[in-house]
Amino acid sequence: MFTGDADISLPPDAAETLARTGRDTTTVTVAGGWHLGAYEHPEPYRDAIEAFLATLPTHPSGAVLG
């Protein structure tokens, strides 16, 4: 889950609750972020996605399996 500390439609506490419903989930909260994290703060959003992808198993070809 990716949320901002100023997000009123998915506040950090709601994001944490939602993340707990899945398996192997994490929540990233960006200071000063609103609801559209990918547009407002693309670098931390990209970093969060890349960190998640790095946890997935890969095929010998390098393709992500997951």
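Predicted model: local features only at pLDDT ≥ 70, side-chain atom pairs only at ≥ 80, totals over all residues.
**Entry 1: overall layout**

I started with the secondary structure. The chain holds 3 helices and 2 strands. Reading from the N terminus, I get the order β-α-β-α-α. Next I looked up the extent of the chain. Its C-alpha atoms fill a box of roughly 40 × 25 × 15 Å along the principal axes. I then checked burial. Of the 66 residues, 17% count as buried.

**Entry 2: the largest pocket**

I looked up the volume of the largest pocket, which is about 270 Å³. Then I went through the lining. Met-1 and Phe-2 belong to it, as do Asp-24, Thr-25, Thr-26 and Val-28.

**Entry 3: Asp-7**

I turned to Asp-7, in the loop between β1 (2-4) and α1 (12-19). Asp-7 is buried, yet I find no salt bridge for it. How far away is the nearest side chain of opposite charge? That side chain is Arg-20, 16 Å away. A salt bridge needs a nitrogen-to-oxygen distance within 4 Å.

I then listed polar partners of Asp-7. Its side chain makes a polar contact of 3.5 Å with the side chain of Thr-3. The Asp-7 side chain also reaches a backbone atom, the nitrogen of Leu-10, at 3.0 Å.

Technical notes: Residues numbered from 1 in each chain as written. Heavy atoms only, no water. 1 Å grid on protein atoms, 1.4 Å probe; cavity = no way out; pocket = protein on both sides within 12 Å on 5 of 7 lines; lining within 4 Å. Points joined across faces, edges and corners; volume = space filled by probe spheres on them. Helix = DSSP H or I, 4+ residues; strand = E, 2+ residues; numbered from the N terminus. Buried < 20%, exposed > 50% of the residue type's maximum accessible area, 1.4 Å probe, protein only. Lys, Arg positive; Asp, Glu negative; His and termini not counted. Polar contact = N/O pair within 3.5 Å; in protein donor to acceptor, adjacent residues only side chain to side chain.
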